[in-house]
Amino acid sequence: MKSKTIKLIATFSLLLLATVESPAKVLIFKGTIRTKSDTSTAHPKFFNLFQVFDPDTSVTATVATFQKEAKKLQLPTLPSDIRFAQAPLPDGKSTTTISLVIESGASNDFFQNAGLHFRGVNKALRFSSAFAGNSVSFPRLITGTLFNDQAFNGDGSFVEQRILLTYQESRSVAANDANQTVQQVIDSLVAELKIKGFEGPAF
Amino acid sequence: MAYGHHGSPGARSAEMKTLFLLASLLFLATHSPAKVLVYKGTSTFKTGPVGVNPGLVKFFAVLDPDAQQIGFVTFFQNDGEKVLQVGPPTPIQVASAEFLQGKTATTISLDTGSTPELPSFTNGLFYLRGTDATLKVASTGLTTSNRPRFLKGFSTQTGISQGSGFFIEQKFFLSYQEQRSIQANDANQSISDVSAGLGQELRAKDFQD
């Protein structure tokens, strides 16, 4: 009788532990960017994108891919700081916002105001193969805007971007099972894209 | 007309008058830096927690591109009350960029956040853009300005305050108020003068600070 009770308690505890959400390491998203810009900036109108978040260290990095003059190009970024916040929504739901602002200069002739604002409704996302502590409360779908408004020597330019990202569960599970950092995930994605013919742009 | 040309006095006088008239006409047709541009528009909100801000507000925006300032007079209804908010002039950045079909666009932007020191922080952006057109801005003197007739944009704020997360997302649409702008510039008014006048006008319609 005591043995059965102990087994029951152990099973119950394991089940409880399995459902407890855990801080995730890296979360990988794939999506698209649509761009409007001034004519002199001549930004490509459409990008595909991998974006990797690490909410625990407040870091993100991306690999964007696009085509230019029949060439397949990729643009990786280094991990950079970003801010996360969670806010309540109706019906017991919550949302995560992801944001960053860059500001420099203050005159109309020389300034830069740039930033990003992403948001999505939180869900329980699986991020590793572990039996317990394998999910995190984070959006499965993220939408957002990026913009860059600037002037240099009185010449203005702007870039406006709309982003849609979806969570890549298999990739994230594989990355966290391998204990990868954001940089390591980016390096893997770059290597994978190179095999598919995407080269870094020549500047 | 060449250097060293000497014609008759009568001919020279007529020439001078023509040149003066031409210069005056050219001067009058030249786009003028406007003093203030008055816009009216609407703003819609999405917020978390819900109810932090009203869903829809109307507002006037008074823009002075040369002074790099903008002022807002916001008015809306909340729980049956007519609410008025007259804001002070706020610094902004204004730029012009080449846009489609040989036109130019004006952008207006501002970082509205605060220094990000975890755990509390606020990241905020304000951004408007419109395609430039020839706007009438005054009755006499230099009467036009190359600025947008319509402005569209957004403002976002998100962060953590006293341990609680929040976000505010706004979308804006504004249209140029020609008569109000001409009146304001003819009277040489500043942003504060225009905002004060709009506040008085709205108080007369029972909007309360």
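How many residues of strand β10 (residues 144-148) of chain B are buried? Select that strand: 4 of its 5 residues are buried, buried meaning under 20% relative accessible area with a 1.4 Å probe, protein chains only. Strands here are DSSP runs of E, at least two residues, numbered from the N terminus.

This is a predicted model, in which local features need pLDDT of at least 70 and side-chain atom pairs count only at pLDDT 80 or more, while totals for chains, interfaces and linings use all residues. Residues are numbered from 1 along each chain as its sequence is written, chains are lettered from A in the order in which they are written, and side-chain values use heavy atoms, with hydrogens and water left out.

Pick B:Thr144 in β10(B) to find the bridge partner of B:Lys136.

Now show both chains. The contact (heavy atoms within 4.5 Å) takes 39 residues from chain A and 39 residues from chain B. About 2900 Å² is buried between them, 59% of it from carbon and sulfur atoms; this is the accessible area (1.4 Å probe) lost on putting the two parts together, summed over both. On chain A, select A:Arg83, A:Asn108 and A:Phe147, which lose the most area to chain B, together 20% of what that side buries.

Finally, zoom to A:Arg119 and B:Glu169, a salt bridge with its closest N and O atoms 2.6 Å apart. The rule, a side-chain nitrogen of Lys or Arg within 4 Å of a carboxyl oxygen of Asp or Glu, finds 2 salt bridges across this interface.

Note on methods: Buried means under 20% relative accessible area, exposed over 50%, partly exposed in between (1.4 Å probe, protein chains only). Two strands pair if DSSP finds at least two bridges between them.
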